[in-house]
Amino acid sequence: MTISKSPAAGNRPGCAQWLKTSNSISQQFLAFGGRPDVVSLAGGLPAAELYPLAAIQSATQRALERHGPAVLEYGAIEGFPALRRLIAARISAETGGHFTPENVLLTSGSMQGLDLIGKVLVDPGDLIVAQSPTYLGALDAWRPRAPLYSKLDWDLREPGFEDALARAKFVYSVPNYSNPTGVLVSQERRAALLDKVLTAGTWLVEDDPYRTIQLDGPPGHSILGHYVARHSRAYDGPVIYLGTVSKSLVPGLRVGWIVAEPGMIQALTLAKQATDLSSSMLTQAITLELLEQDFDSEHAKTIVPLYRERRDALCDEAALRLGEWFEWEVPVGGMFVWMRARNQAIDTDELYRFAVEEKVAFVPSSVFDFTGQDRFAMRVNFTRSSPEVITEGVRRLERAIATYVSSRAQLQGSNRPRDSLSPAAAAP
């Protein structure tokens, strides 16, 4: 990224160095989402036509009548007190633990939570152990901190893994319907990772935005829940848990939360003070009205069947049109299908340009890899669009892939079998 300079700008200082390592993919797919001629299968967005407008309108009216001008003021840095109490009560009920408002910090979406964790825990050169591929937003949030990364292998058998844990500031995990892969991590592996973290004496960040999007059954206990099951006292454990209403209700409320031991909440609050001073009390009060009535659970009964239909439409159409080049597992929850090229001669960074020509968008795998080396997969979203639009998007992808493969074959010639893009050369 560079900033253009007019002659009048003179020798003004340039931007910070970390911007040179960033990417613009999030800007691109959010922009595509506003173009009617483009089928965007890229964003991690809920279906806008399912937003509960009437419920939010009613909740807004109730919040203003209940709290008056107080919700239009600056508020406590920690967040709206009644909503903190409610989140603490919910987490206590879900895990069987004992959580209080001192365990809860409200944030402007869980993205702010990730940013605050980086500010509190990471100095340049510090190590983070993270899933790979991992959530693009997390990598972006921590990019200015210039961390190093080591891969979280859920088998927990990677050579040097325990040494990396001992050196890491924290482990980053998305065990429920992971972004970008859609993987649901087993309960056994969650418990095993917790064991390793406790032995290493580090922190474990559990990012859980997709928990309510349960397409084929519930996900089971959180890692936070596994810790609570072993320790009945007031929570003082190493798990830093992030939640949000962005996927269960609407992203525009920008309400998320961090649940952690009180000392960590205090440190994160200090970081938040220097970030935004106060998140919106109004949207937190609206969220309180909705969650007090368990509206998110009721809303899930509406959105989950439709998301399941859209997932099936994507996977069924892709099986007809893309299976020659890509493979995938049908996710049991969340918002994404992770499609891996059968042949690593397919570069999805390059394929992306052909897809844009066909007016369809996906997210290439390189942006989810902290090394940037994984260029052989793509994340495809199914929640945002109707089955008919998804079907058209897959057909456009088919055309883009076919054109790309033909182009590559012409460039490479037929004398390089190692790079051949024919189905016969596909990896098993």
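Is Phe 354 buried, partly exposed or exposed? Phe 354 is partly exposed, because its relative accessible area is 22% and buried means under 20%. Keep in mind that this is a predicted model.

Phe 354 has a ring partner, Tyr 404. The two ring centres are 5.4 Å apart and the planes stand at 65 degrees, so the pair is edge-to-face. Phe 354 sits in helix H12 (residues 348-357) and Tyr 404 in helix H13 (residues 387-412), so the pair ties together parts that are 50 residues apart in sequence. Tyr 404 counts as buried, at 1% relative accessibility.

Now look at aromatic pairs in general. A search of the whole structure finds nine of them. One is formed by Trp 142 and Phe 170. This pair is edge-to-face, with 5.1 Å from centre to centre and 70 degrees between the planes. It links distant parts of the chain. Trp 142 belongs to helix H5 (residues 136-142), while Phe 170 belongs to strand E5 (residues 170-173), 28 residues apart. Trp 142 is buried, with a relative accessible area of 0%. Phe 170 is buried too, with a relative accessible area of 0%. Elsewhere, ring pairs join Phe 99, Tyr 227 and Tyr 235 into a cluster.

Next, the nonpolar cores. In soluble globular proteins, nonpolar side chains tend to be buried together. The largest nonpolar core here has 51 residues. Which of them touch the most other members? They are Phe 80, Leu 83, Ile 87, Leu 193, Val 259 and Leu 290. Take Ile 87. Leaving aside neighbours within four places in sequence, Ile 87 is in contact with Val 104, Leu 106, Trp 257, Val 259 and Leu 291. Another core, of 40 residues, lies apart from the largest one. Its members include Val 39, Ile 213, Phe 326 and Val 360.

Finally, turn to helix H9, residues 262-273. H9 has 12 residues and spans 16 Å from its first C-alpha to its last, close to the 16 Å expected. Its buried residues are Met 264, Ile 265, Leu 268, Thr 269, Ala 271 and Lys 272. Why are they on the same side of H9? They lie there because they cover an arc of only 160 degrees around the axis. The face turned away from this buried side carries the exposed residues Gln 266 and Leu 270. The buried residues of H9 pack against several elements, including strand E2 (104-107), helix H4 (109-121) and strand E8 (256-259). At the start of H9, a side-chain oxygen of Glu 261 reaches to within 3.0 Å of the backbone nitrogen of Gly 263.

Terms used:
Residues numbered from 1 in each chain as written. Predicted model: local features only at pLDDT ≥ 70, side-chain atom pairs only at ≥ 80, totals over all residues. Heavy atoms only, no water. Helix = DSSP H or I, 4+ residues; strand = E, 2+ residues; numbered from the N terminus. Expected span 1.5 Å × (residues − 1). Buried < 20%, exposed > 50% of the residue type's maximum accessible area, 1.4 Å probe, protein only. Arc of directions from axis to C-beta. Contact = heavy atoms within 4.5 Å. Polar contact = N/O pair within 3.5 Å; in protein donor to acceptor, adjacent residues only side chain to side chain. Core = buried A, V, L, I, M, F, W, Y, C linked by side-chain atoms within 4.5 Å. Phe/Tyr/Trp six-rings, centres within 6.5 Å; stacked < 30°, edge-to-face > 60°.
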